[in-house]
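This briefing goes through one structure topic by topic. Keep the sequence and the 3D view open while reading.

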Amino acid sequence: MRNTCSKLDDVSRRNFLESLAKTAWGVSILPLSESLFTSSAQAASTLQAAQKAEHVVYLFMNGAMSHIDTFDPKPGEESGGETKAIQTSVSGLKIGEHLPKLAAKMDQLTIIRSMTTETGAHEQGQYLMRTSYKMIGSIRHPFMGAWLTHFEGKKNKDLPGSVLVGTGNRHPAQGYLSAAVAPAPVGNPATGLQNTKSPKYLDEKNFEKRRRLISQFESNFKKKYTNTEVAAYSDYYSEAVRLLKTPDLEAFDISKEEASVKEAYGANRIGQGCLLARRLIEKGVRFVEIEQGGWDNHNDIYDTFGERAGQLDTAIATLMDDLKQRGLLSKTLIVLGTEFGRTPKINQNAGRDHHPGCFSTMIAGAGIAGGRIIGKTDKIGKSVEDGHCYPQDLNATIAYGLGLPIEKEIFSPSGRPFKVAHEGTPLKSLFG
Amino acid sequence: MRKLFVAIFAGLMIFPMQFGLGQPKKPPVSRVPKGSGNVEWGKVTPVDPATSKHAREVATKIDRLLDAGYRKHSVTPNEALSDSLFVRRAYLEIGGRIPLLEEVGEFIQSRDARKRDNLIDELLSSHDYISHMFNYWADVLRLKDNPINNNQIAQPYHDWIKDSIRTNKPYDKWVHEMLTAEGRIWDNPAAGFIMRDSNMELDAVDNMVQVWLGTQIGCAQCHDHPFDHWTQKEYYEMASYWYGTRTRSNTGDKKQYTKGNPLSRLRKELKAIDPEATGNGVFARVVNANLFEVWEQKRPLKLPHDYQYDNGKPHQVVSMKPIFGSAETPGPDKTPREVLAAWLTSKSNPRFAKNIANRMWRKAFGAGLIEPFDDIRNESEASNPEVLALLTEELINSNFDVRQLQRIIFGTQAWQRESTNKDVDLSQPYYFPGPVLRRMTAEQIWDSLLTLAVYKPQSFTRPSMDGLAAVIDMDLDKASPKDVLAIVDEFNEKYSAGAERKITRARNSYKGMTLARASELQTPLPSEHFLRQFGQSDRELIETSGRTGSVSQVLTMFNGEITHMMLERGSVIYDTVMKAPSTRDRLDAIFYSILTRPPRSSEREVAEREINASGSAGFGNVIWALINTKEFLFIQ
């Protein structure tokens, strides 16, 4: 728990941030951006209904993925390291050599090279990316999947609105929103949602009886303890019961897929995660977040980088093809995020360190015009030169694509006003 | 009720009837493993009876100070805990598990006026306490079996932490040993602390300041701290004590070897003997494990190439200076690291004692006297400053006896009150009318379920790594491939993950699950493990365990193996129910075992109706339902 700003009200926090940006960070790391501090009132909040995305597959690269070795290569510079740039399917645009399949799909995707953030600490950076807000002790903010379920409702009432695959405990999940819009966590995509089969002797009648017993035995406790977390467990119980009864539960089981399909996605966490995401989206889950770890390459970055990036490359490319074939790519946003970038300088341990100054993200699918690179970093990949995009701007862009009310103020149970993407401004130009 | 306890303690009732639950008439031998009761950890140093009176006096003082706070802020303290809620909380928060039926009975029936203090002392001197405290530190210190890569072996360090808890090593000495350790981990297991941040000298300083001083200076690694007063230069000055701390031998330093990379040499020689051999896998692992060694190198730290402030120039060497206060000057008889350790763990360091006092309070109450507990600043104020000052003073006067500090905290009336039954906003001062209501930690849930299912699960300690040094230690210049192959064989047989699996499979597994206390399992566990599902940390970042719920947890409680295991013949609760003479006693036994209280009359009625309708399977339904209540998961 960190409550960096918790003792400030919203207005003074804004001033505080502004003054900081002008002093500490403004000098060389984070040049002051228009987008962070100007109101997004001028931004239209919704897309035409026909263009609206209905689903999101969000790939989170835990540990901070090197931008220079993926989407923002710097060939010929010392900072470029061992990574070469390769030509993409769009003339004049090049990306890192570890992503050949995405390079071939460049015409369908947009890269943002001008991402920049406020912190070089993993936990805080991840929180900011997922919620658009700083991590503070007094409140937990919702992630986009919970917002989507909150505003649009579930598409399949028996399945969770959103699913997290392989994310850690500190994922903000539904934040202060109701547990009814909470994501369902899946530890390992290969095993899917576990414990969904009752023992043989426990038939449905018996199960119902047991559930009645639970509520009779805990009624006193529930009456006495009105705490949010206690009430939340009631929602999880109802959700669990709905899940156990629906045939769509099968969506969580990737073993139902042909071996050739599993192989195409890649026999690794990110590949299997993407396959699981496709199955879930097909059955109406709105938001699937998949985490891939191993990007915190302080040491010997090139020992494993190619392999990890290769897995990612195959997973996304296969997912795009598969969704397209099923008519779902036009309804699904695919977003790749990470908490910050890595230093242009290769350190003495042959690795790269934390670098919040700039990093890259990628977005594709529903309504996204492909073949574009947004923003620009300097010669060595140290600072953003053009088109600063903050985590809240990326989130506003996703929310815009989903048709969510970006300007609407939502009040937390403690009466504080919040917005889906904080004060972020959507990059509307990304859309078709 | 009395009758039931008496009957069970005396062991008079022996299986009066067959207990159904869908079992065949002649049930097979139970698949539920049973512990022997032997714990390999050795004897726990008991709490000192001589300081018991003093602890009580300090606890009373704390209550008086808290009372003044209640009056000042118009806070009504929560209800005092009943004996049955107290015994549950004491076992969970000191020993990490719910009490057994016998333990509940013994406590409730005792008429000793000091029985609460006695139970606290008994639990603080138990193996349960070691296990529970280890889980706490595993989360704080991010303990991983193989911290940086597969070549590093950290289990001797984990064993050493358990041993330090067992012998109640003074906290300052414990921290000092970690900070000043040198050598390979099997020779000096305290070196594991430094190994955890291998090759990350700058981050290591950030981490240790957060853990040992409750202060965050991490921002200042790249620029002046935006919210606290630390400058980037101060960060570098502090880090320069640590910059010469090396964790690996390199070709250049000629520390452990003189003739180039030992693994390359050994592989080449191995191929000469056996052209098919690759020298990968365990061969490489045991060689590389020998490269990890903590040692001190003279190594000045320079400001970064993009240093932007007026008080220094890029690439300028910084001098050593602690972030506050003053320290000795390193010299021939004192390395920079020793100077830093002495400064950090000193009684006069204002944050060292305060941080651990605040942490232990938070561990007991669910909120620190200072919040956020890990971001203490000059201007941070405790919600009750006198209490924190008193705790800090007591800790220093007891020569950093953290267990004695916990004894005092658990002895307060405030801790022995019911949990607060509404949400607590930690951005506002909390005046401790009682502890914050918390769900059990993942480890408390797992260890409690184990308590209901397995006899003496504390016997299943993790196979020890004692003796590893004699097997694995090698002279990297002289070792021959044959030596290494011999090491590989012995390592595989005794210390590999495979060897551990073999032992646990034969001794304490059930349907592929290893049934041992959470402290005796590998770390980190795979993300799909029960403990991870309920919030155990992945050990990447400091204190990232969680207590929030999810639909996946509910599915596991409904259908998971562990819930159903305890409905099987041979589980503790099954046998307990079997031993009880009447339906009434059986229901008492079930409720006391799971919720540490008797059934209310309405609950008894519901349960009896169920048992009348379903026969003995009804007991299974009642047990299952109780384990699935929120009352089981939350600590009242």
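**Where the chains meet**

The contact between the chains takes 64 residues from chain A and 60 residues from chain B. The model is a predicted one.

- On the side of chain A that touches chain B, the elements giving two or more residues are α4 (122-131), β6 (184-186), α6 (204-224) and α7 (228-245) of chain A.
- By class, this side of chain A has 27 nonpolar, 26 polar and eleven charged residues.

**A sheet in chain A**

- Chain A has an open sheet of eight strands with mixed pairing, in the order β6-β5-β7-β1-β8-β11-β4-β12.
- The edges are held by β6 and β12 (372-374) of chain A; each has a single partner strand, so one side of each is left without a neighbour in the sheet.
- Direction ignored, neighbouring strands of this sheet are turned by 15° against each other on average.
- Strand β5 (residues 162-165) of chain A runs parallel to β6(A), and three bridges join them.
- A:Leu164 stands opposite A:Pro185, which is in β6(A).
- Helix α10 (residues 301-325) of chain A packs on the sheet and touches β1 (55-61), β7 (287-292), β8 (332-338) and β11 (359-365) of chain A. The direction of α10 makes about 165° with that of β8(A).
- Helix α11 (residues 391-402) of chain A also packs on the sheet, touching β1, β4 (109-115), β8 and β11 of chain A. The direction of α11 makes about 170° with that of β8(A).

**Chain B as a whole**

- Chain B has 29 helices and six strands.
- The radius of gyration of chain B is 27 Å, close to the 26 Å that the globule rule gives for 636 residues, so chain B is as compact as a globular protein of that length.
- The C-alpha trace of chain B spans about 80 × 75 × 45 Å along its principal axes.

Two packed helices are described by the angle between their axes and the distance between the axes.

- Helix α6 (residues 127-140) and helix α7 (residues 155-166) of chain B pack at an angle of about 125°, with their axes 9 Å apart. α6(B) and α7(B) are therefore oblique to each other, and the crossing is right-handed.
- This contact is made by B:Ile130, B:Met133, B:Phe134 and B:Trp137 of α6(B) and B:Ile161, B:Lys162, B:Ile165 and B:Arg166 of α7(B). These residues divide into six nonpolar, no polar and two charged.
- The axes of helix α26 (residues 583-595) and helix α28 (residues 617-627) of chain B come within 10 Å and cross at roughly 25°. α26(B) and α28(B) are therefore roughly parallel to each other, and their crossing is right-handed.
- α26(B) brings B:Arg586, B:Ile590, B:Ile594 and B:Leu595 to the contact, and α28(B) brings B:Phe619, B:Val622, B:Ile623, B:Leu626 and B:Ile627. The residues of this contact divide into eight nonpolar, no polar and one charged.

Most residues other than glycine have a negative phi, and most peptide bonds are trans.

- The peptide bond from B:Glu371 to B:Pro372 is cis, with omega near -5°. B:Pro372 lies in the loop between α15 (352-365) and α16 (385-397) of chain B.
- B:Thr523 and B:Pro524 are joined by a cis peptide bond, with omega about -5°. B:Pro524 lies in the loop between β5 (513-514) and α22 (530-533) of chain B.
- A:Ala64 is not a glycine, yet has a positive phi of about 85°. A:Ala64 is in the loop between β1 and β2 (85-87) of chain A.

How values were computed
Residues are numbered from 1 along each chain as its sequence is written. Chains are lettered from A and ligands numbered from 1 in the order in which they are written. This is a predicted model: local features need pLDDT of at least 70, side-chain atom pairs count only at pLDDT 80 or more; totals for chains, interfaces and linings use all residues. Axes are lines fitted to C-alpha atoms, for helices over the stretch in contact, and angles run from 0 to 180 degrees between N-to-C directions. Helices (H or I, at least four residues) and strands (E, at least two) are DSSP runs, numbered from the N terminus. Angles under 35 degrees count as roughly parallel, over 145 as roughly antiparallel, 65 to 115 as roughly perpendicular and the rest as oblique. A crossing is left-handed if the near helix is turned anticlockwise from the far one by less than a right angle, and right-handed if clockwise. Two residues are in contact if their C-beta atoms, placed from the backbone, lie within 7 Å. Ala, Val, Leu, Ile, Met, Phe, Trp, Tyr, Cys and Pro count as nonpolar, Asp, Glu, Lys and Arg as charged, and the others, Gly among them, as polar. Two strands pair if DSSP finds at least two bridges between them. The radius of gyration is taken over C-alpha atoms; the globule rule is 2.2 Å times the number of residues to the power 0.38.
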